[in-house]
Amino acid sequence: MKNPTLTVAVVGAGPAGMMAALEARRAGAHVLLLDGNARVGRKLLVTGSGRCNLSNANVRAAAYHCTNTTFVAHALERFGHAELLARLAEMGIPTYATDDGWTYPVSNSAANVVDLFEAHLALAGVECVLNARVDGLRREGSGYRLTTAAGGETIHADRIILAGGGMAYPTLGSRGDLFPLAEALGHTVLPVAPALAPLLTDPRPLRRLQGVRLDAHLTLSENGTPLAQTTGNIIFTEWGINGPGVMDLSHHVSARPNTPMRLEIDFLHRYAPEMRRLFAQYRDRGMPLGGMLEAVLPSKVAAWMVEKNHLPLETRLDELTGEQEETLFQWLTAFHVEVRGTRGFEFSQVSTGGIPLDEVNPESMESLRSANLFFAGEILDVNGPCGGYNLQWAFTSGVIAGTAAGTLQAL
């Protein structure tokens, strides 16, 4: 049943908030969309390095880091990858997927996607209240009273959707301001930490590799016990390692501050058997060791690895002893570096922690602690790997929260 007298206030105009606002308006409610920025979609603008990695064709609940994958699975069953692509196409945002499933708009432009969301919000009649950072939220009857920092303006709403993100990208407005407000309404707030962040490592062993980018298999260990493994692209920097491969492991690091950790890098990845075959094939033909390694490795890595093994750069395969060859392959497939932490919220794509799922109704994203209060996006304790998983969660939870909040029921 539609009723425009039902007012829904959505706090946070990121991907989750914009989608929630559109869905609540579609359900018939009068919708206010509040954000501390001067424009909606600021956080969406930086996704996918400006290309806007909207989703992933391989999205599944098991890939998410949370305390209840069944909760996430149920949400994805209701509004998953296929449903998102259909909704985006309806909005004039056609998409395509790379071979590994990473899904982008055909325009390859996050700015274009934000423009279209902005246009649809206007067409739908969503009232955008910008430059309005919410700093107060309290019960008022069956609804809520919001206070904004700019001039102390107050707004009454029958229902509230908190979609203001976590603490990643604080320069774009995600500073965790909504967590104390939710806490005051009876919610637990789990410790918030960076996720999908670059790793700080001991820079000395990798100094020669600055600027090198390659795919590798990575294993993160604590006191010799493996915590997690991943395969992905990594980039060596002056302070450590960046790229999706290590970013997918970073929530394990930020959850264990001041804990000694070690990252094992398999440079050969899936090409170790092929490299063994090439060594055997060319061992007696005078092939230079460095040249052979360049069959699968960047030249900078090949030269660095030869030097690390205290071998002259002109060493030939037939000059290697069996022991030297085995030591070389050990370094190539299991090189260890000390992990010293993450680069922090300023450089993380999302944060982990926040509102625990067991305090939220999976059918509606409504609070189980405070009626007519809903959550969407990163404010919930759910985060996924690189590749569109987190935007998918933002849109999924936004649709569910917006639909439920905008549907007229007994208040």
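**Note on cysteines, salt bridges and a pocket**

1. The sulfur of Cys 66 has its closest cysteine sulfur in Cys 386, and at 17 Å that partner is too far away for a bond. The model discussed here is a predicted one. Cys 66 itself is buried, with a relative accessible area of 18%, and the limit for that word is under 20%.

2. How many disulfides does a search of the whole structure find? The search finds 0. Cys 52 is likewise in no disulfide, since the nearest cysteine sulfur, again that of Cys 386, is 15 Å away. A disulfide would need the two sulfur atoms within 2.5 Å. Cys 52 counts as buried, at 0% relative accessibility.

3. Salt bridges are another matter: the whole structure holds 20 of them. Side chains of opposite charge can pair when their charged atoms come close. The pairs described below are three of those found by the search.

4. Arg 26 and Glu 90 form a salt bridge, and their closest N and O atoms are 3.0 Å apart. Arg 26 belongs to helix 1 (residues 15-26) and Glu 90 to helix 4 (residues 81-90), so this pair ties together parts that are 64 residues apart in sequence. The cut-off for exposed is over 50%.

5. The pair of Arg 26 and Glu 90 is part of a network of salt bridges. Glu 23 and Arg 87 are also linked in this network.

6. Arg 39 and Asp 115 form a further salt bridge, with 2.4 Å between the closest N and O atoms. This pair links distant parts of the chain, 76 residues apart. Arg 39 sits in the loop between strand 2 (30-34) and helix 2 (42-45), and Asp 115 sits in helix 5 (residues 110-124). Arg 39 is partly exposed, at a relative accessible area of 27%. Asp 115 is partly exposed too, at 39%.

7. The side chains of Glu 359 and Arg 369 also meet in a salt bridge, at 3.2 Å from N to O. Where do these two residues lie? Glu 359 and Arg 369 are both in the loop between strand 18 (350-354) and strand 19 (373-375), 10 residues apart. Glu 359 is buried, with a relative accessible area of 3%, whereas Arg 369 is partly exposed, with 46%.

8. Which element supplies the largest share of the lining of the second largest pocket? That share, 6 residues, comes from strand 14. Strand 14 (225-236), helix 7 (244-247) and helix 8 (250-254) each supply at least two residues of the lining.

9. By residue type, the lining of the second largest pocket divides into 11 nonpolar, 14 polar and 5 charged residues.

How values were computed:
Residues are numbered from 1 along each chain as its sequence is written. This is a predicted model: local features need pLDDT of at least 70, side-chain atom pairs count only at pLDDT 80 or more; totals for chains, interfaces and linings use all residues. Side-chain values use heavy atoms; hydrogens and water are left out. Helices (H or I, at least four residues) and strands (E, at least two) are DSSP runs, numbered from the N terminus. Ala, Val, Leu, Ile, Met, Phe, Trp, Tyr, Cys and Pro count as nonpolar, Asp, Glu, Lys and Arg as charged, and the others, Gly among them, as polar. A salt bridge is a side-chain nitrogen of Lys or Arg within 4 Å of a carboxyl oxygen of Asp or Glu. Buried means under 20% relative accessible area, exposed over 50%, partly exposed in between (1.4 Å probe, protein chains only).
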